[in-house]
Amino acid sequence: MILLIILFIAAVIYFFLIFPTQWLKVERVRYSCGIGARVLQISDLHVEKLRISPSRLTRVIINEAPDYVVLTGDFTQKSRYLSKVQRYAHAIVKPGIPVVAVLGNHDHRLKSTAFHQLIHILESMGIQVLINQSISVDNFQIVGIDDFGSNKSKVDQAFANVDPSKPILVLTHNPNLVLSMNRKYTYLMAGHIHGMQFNVPFLFPFIDKGRLAADGIIKGMHTGTHGQFYISKGIGQAGPNARFLIRSEVTLHELD
């Protein structure tokens with residue numbers, strides 16, 4: 001009887017806390033804004049705790065066939081996992097689709113040498129890392145703004161070469177940036193909050209994820225003062241390597 005109880009408890013823990021970290025969901029969002037591209041967002045890999053395999057990410061990218069893949073920060077905070085970042089970066093670029101990335105707060109916890117090694121790994125794989133800068137692609141622009149929570153965001157610098165007459169896609173890690181940036185944009189993608197990772201509202205006041213989370217804005221599509229923004233629930237975990245009623249997510253944004 002005791003063994004059965006232990007097995008039952010283990011099964012419940014696995015089903016409710018571990019299985020959601022392995023049960024990847026492809027969220028699909030459609031927003032008509034003139035960008036004219038299908039963009040697959042992968043956020044918050046946290047490779048040290050990631051339970052989605054590199055090969056599975058490759059298959060998702062091939063199956064969804066986006067025009068661009070974007071990575072919205074938090075690859076790792078530990079230098080010993082940089083080789084694992086490299087394996088995931090290789091899997092993400094393998095389908096041959098352009099990949100653009102920004103950095104997150106966990107990336108900025110790396111020591112200087114490891115931090116620059118992270119950037120080198122990504123760029124050597126062909127991933128364009130935007131640190132407070134912009135690029136033009138097709139008929140729109142991508143603006144990459146560094147992490148707000150790490151005080152690395154330089155909005156004016158990032159927008160320095162932006163043409164306001166063309167659609168603007170902003171990539172950043174921490175969505176709380178939208179509360180302080182005074183620039184119009186067409187669409188913004190962020191992560192960081194993980195959908196709170198544990199969908200237990202009474203715990204939310206004890207988890208500091210910024211003003212948006214405090215106001216209940218923790219995932220999905222929202223309208224900000226200067227444009228539309230989306231918060232991904234992320235693919236990896238921070239803190240406890242578990243999720244509760246929140247599945248791991250990659251997001252296909254169909255931006256007509």
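Predicted model: local features only at pLDDT ≥ 70, side-chain atom pairs only at ≥ 80, totals over all residues.
In strand 7, I142 is the bridge partner of I135. Together they form a hairpin with two residues between them, and D138 in the turn has a positive phi of about 50°.

**A buried histidine**

Next, have a look at H194, in the loop between strand 9 (187–190) and helix 6 (211–214). Is H194 buried or exposed? Its relative accessibility is 2%, so H194 counts as buried. The side chain of H194 makes a polar contact of 3.1 Å with the side chain of D44, and it also reaches the backbone oxygen of G236 at 3.3 Å. Beyond its neighbours within four places in sequence, H194 is in contact with several residues, among them H46, S232, K233 and R243.

**Salt bridges**

One of those contacts, K233, leads us to the charged pairs.

| Salt bridge | N to O distance |
|---|---|
| K233 and E27 | 3.0 Å |
| E254 and R30 | 3.1 Å |
| R38 and E254 | 3.9 Å |

K233 and E27 meet in a salt bridge. This pair links distant parts of the chain, 206 residues apart: K233 sits in the loop between strand 11 (228–231) and strand 12 (249–255), and E27 in strand 1 (residues 25–30). K233 is buried, with a relative accessible area of 10%, and E27 counts as buried at 18%. Both residues belong to a network of salt bridges that also links K25 and E249.

E254 forms a salt bridge with R30. Here the pair joins strand 12, which holds E254, to strand 1, which holds R30, across 224 residues. E254 counts as buried at 17% relative accessibility, whereas R30 is exposed at 53%.

E254 also meets R38 in a salt bridge. R38 lies in strand 2 (residues 37–42) and E254 in strand 12, so this pair ties together parts that are 216 residues apart in sequence. At 26% relative accessibility, R38 counts as partly exposed.

**A nonpolar surface patch**

Finally, on the surface, M1, L3, L4, I5, L7, I9 and I13 form a nonpolar patch, with about 750 Å² of accessible area together. M1 lies in the segment before helix 1 (2–22) and counts as exposed, at 74% relative accessibility.

Methods:
Residues numbered from 1 in each chain as written. Heavy atoms only, no water. Pairing = 2+ DSSP bridges. Helix = DSSP H or I, 4+ residues; strand = E, 2+ residues; numbered from the N terminus. Buried < 20%, exposed > 50% of the residue type's maximum accessible area, 1.4 Å probe, protein only. Polar contact = N/O pair within 3.5 Å; in protein donor to acceptor, adjacent residues only side chain to side chain. Contact = heavy atoms within 4.5 Å. Patch = residues over 30% accessible without salt bridge, like charges linked within 9 Å, V, L, I, M, F, W, Y side chains within 5 Å. Areas by Shrake-Rupley, 256 points an atom, 1.4 Å probe, with all protein chains shown as cover. Salt bridge = Lys/Arg side-chain N within 4 Å of Asp/Glu carboxyl O.
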